[in-house]
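Me: I would like a close look at one part of this protein. Please keep the wording plain.

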Amino acid sequence: MLLIKNGCIMDPQSGKNGIYDILIEKKRINRIEPFIDETELYPEQQRELEIIDADGMIIAPGLVDVHVHFRDPGFEYKEDIYTGAKAAAKGGYTSVILMANTKPTVDNIETLHYVIDKGNETNIHVYTCASITKGLQGQELVDMNTLKTEGAVGFTDDGIPIMDEETVIAAMKMAKELNVPLSFHEENPELITNNGINRGKASNHFDVEGSPRAAEIDMIYRDLELAGELDAPINIQHISTREGVELVRQKKIEMARKNLIPLPLPRSAENMTEISSSAKNLNTIQMIPTDVAQVLNIHAEATPHHFTLTEDAIIKHGTLAKMNPPLRTEEDRLAIIQGLKDNTIDIIATDHAPHSKEEKEKSITEAPSGILGLETALPLGITNLVKKGYLTYMQLLEKMTINPAKMYHLDCGYIGEGGPADLVIFNENSYTVSSFDSKSSNSPFLGETLIGEIQYTICNGKVIYKK
C-alpha cells in the first residue's frame, strides 16, 4: 500500500484542486480524503504501508503522451522500449503511444505483438499505433480491423504524409467505423527542399531553400476538409504555423455548430496581449470549451518545442534544434500558445525523437530531424505557459493527461477513487537540465534552467521514479 500525504491534487477531469491524502492499494486509488490517519489502518496494512510526504508539491494524473518514438524495433541504437520507458517515467509520463515508423514497420501482427509484449515488460503503460499504409508507402491500407483487434490503439504514418487522397478517404472511413483516431503528419514533400529548417530567416542563415509554411498549411487544409465531410476521428500532429492553427480553429467551430453544440459568445480580441497577429486580425476570439473539444472528432497537438522556441534556436543550436515540421517565427509560436489557450489545440505531445550523437553531428542538411521530449515537457509547459500567465496549471495538465487519454479511449489521465494509481508529483523549484535517462541526448534544452522538478512518478501504484 502507498499513502501520499499533504499534497495539492490538481485533477482536470474532476476539477479537484486542494490538499488531500491519497491511499493506494494494489493498482487503484482506494481513498482520497483531506486527512487519512495511517494509524487507523489494519495492522497488516500498516506493515506494508509506504508513505510519501508531498507537502508543498503538486499531485497530478500521470502524464499521457500520444506521440512518441522509441525506435524499437530496428533503430535500438537511438532508443529502445526499455530506455524510452525509463525516460518517460523520469518525465512524469505513465502512458505513452508509440508511432509505427520502425523497421520493420508496425503494419503486421508480428511486429505489433513484439512492441506490445516488450512494452508490457516496462513499468509504464506502453501502447502503440499501427501504420495506416503498408510499409509507410502511402498506397495500400493495412488491415486496420485485425490490427485494432490485436492491440493497436490508433493508426498513423507519422514521419511521412499520405499524399494519395483516395487512400486518406478510405482510411478515414475505416477509422470512423472502428472508432480509432488517425494521426497525420502534415508536410507536403513536393514543396520542401530541405526539411527541418524554416524557409525564412533560418534557411537564409544556412543558405538553403528550407521548408515553407505552405507545406503544412496545404496538408492540414486537405485533411480537415476530408475529416469534416466524413466526420472521421483525426489528430493533426505537431502544428507549427499560425495558419494551421486557424484552420483547425475554424473547422472545430464549424463541426460544433454542425452538431448543434453550443459555443460561448466570442470574446473581443482588442484587449488581449501577446497573441499572434493572425488572431488579432480576427475581430473576436472563439473559445472552444474543453468538454466540446473532447467530443469533437477533430483533435490537434502542439509540442513543447514549438510553443517554446523559434527558428532562432536552430541558428543557435544547429542540428540539435532541427525537427519536422521546423521551428518557425515568434508570431507562429504565439499563435500556437493562443491555440492552446482557446482549446483549438487540445493536446500537448512531445514527438520524442531520439537520434545518436553521430547522426546529429552531420551537416545541417544531412542530420536527421527530431529532438528528445519526454523528460522536459512538463517543466517547459510550467516555465513557458503557466509561469508566463498563458495557461493555468489545470489547463496545462488537461492537455497532457485527460485530453490525450480520451482521444485514445484509455482509462487514465485522471485522479479518482477506484481509478488507476498513475500519478506524477512535482514541485515548482528551478533546476538545470544536465542529463537524460534516454539512450540519446539530442536536445537544445540541455543546460537550460526550467521550473518544475518531478519528484515521483507512480504507475500501477508503484513508485517507478524518485528524484
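Which residue in S19 does Leu423 stand opposite?

Reply: Leu423 stands opposite Ile458 in S19. Please keep in mind that the model is predicted.

Strand S16 covers residues 423-426, and strand S19 covers residues 454-459. The two run antiparallel and are joined by 4 bridges. S16 is also joined to strand S5 (residues 58-61), again by 4 bridges and in the antiparallel sense. In that pairing, Ala60 stands opposite Val424.

The side chains of S16 can be sorted by face. Leu423 and Ile425 are on one side, Val424 and Phe426 are on the other, and all four are buried, which leaves both faces of the strand covered. For Phe426 the relative accessible area is 0%.

Phe426 also takes part in an aromatic pair. A pair of aromatic rings is described by the distance of the centres and the angle of the planes. The count for this model comes to 1 aromatic pair. Its members are Tyr393 and Phe426, with 6.1 Å from centre to centre and 45° between the planes, and the pair is classed as tilted. Tyr393 belongs to helix H16 (residues 393-398) and Phe426 to S16, so the pair ties together parts that are 33 residues apart in sequence. Tyr393 has a relative accessible area of 10%, so Tyr393 too is buried, the limit being under 20%.

Past the other partner strand comes a loop. Asn460 lies between S19 and strand S20 (462-466). The phi angle of Asn460 is near 55°, a positive value in a residue other than glycine. With 26% relative accessibility, Asn460 counts as partly exposed. Asp207 also has a phi near 55° and is not glycine either. Asp207 is found in the loop between helix H6 (201-206) and helix H7 (213-230), and at 70% relative accessibility Asp207 counts as exposed.

Next, a parallel sheet. This open sheet has 3 strands in the order S6-S7-S8. Strands S6 (63-68) and S8 (125-128) are at the edges with a single partner strand each, so one side of each has no neighbour in the sheet. On average, neighbouring strands here are turned by 20° against each other, direction ignored. S7 (residues 93-98) pairs with S8 over 4 bridges in the parallel sense, and Ile97 stands opposite Tyr127 in S8.

Val96 comes up again in the core. The largest nonpolar core has 84 residues, and Val96 and Phe155 touch the most other members. Helix H5 (residues 165-178) gives the most to this core, with 6 residues. Leaving aside neighbours within four places in sequence, Phe155 is in contact with several residues, including Cys129, Ile132, Val142, Leu147 and Leu182.

The loop between S7 and helix H3 (109-120) contains Pro104. Lys103 and Pro104 are joined by a cis peptide bond, with omega about 5°. Another cis peptide bond joins Asn324 and Pro325, with omega about -10°; Pro325 lies in the loop between helix H12 (312-317) and helix H13 (330-341).

Lys16 has its charged end over the ring of Tyr20, 4.5 Å from the ring centre. Lys118 lies over the face of Tyr82, at 4.9 Å from the ring centre.

Note on methods: Residues are numbered from 1 along each chain as its sequence is written. This is a predicted model: local features need pLDDT of at least 70, side-chain atom pairs count only at pLDDT 80 or more; totals for chains, interfaces and linings use all residues. Side-chain values use heavy atoms; hydrogens and water are left out. Two strands pair if DSSP finds at least two bridges between them. Axes are lines fitted to C-alpha atoms, for helices over the stretch in contact, and angles run from 0 to 180 degrees between N-to-C directions. Rings of Phe, Tyr and Trp (its six-membered ring) pair if their centres lie within 6.5 Å; planes under 30 degrees apart count as stacked, over 60 as edge-to-face and the rest as tilted. Buried means under 20% relative accessible area, exposed over 50%, partly exposed in between (1.4 Å probe, protein chains only). A charge sits over a ring if NZ of Lys or CZ of Arg is within 6 Å of the ring centre and within 35 degrees of the ring normal. A nonpolar core is a set of buried Ala, Val, Leu, Ile, Met, Phe, Trp, Tyr and Cys residues joined through side-chain atoms within 4.5 Å. Contact means heavy atoms within 4.5 Å.
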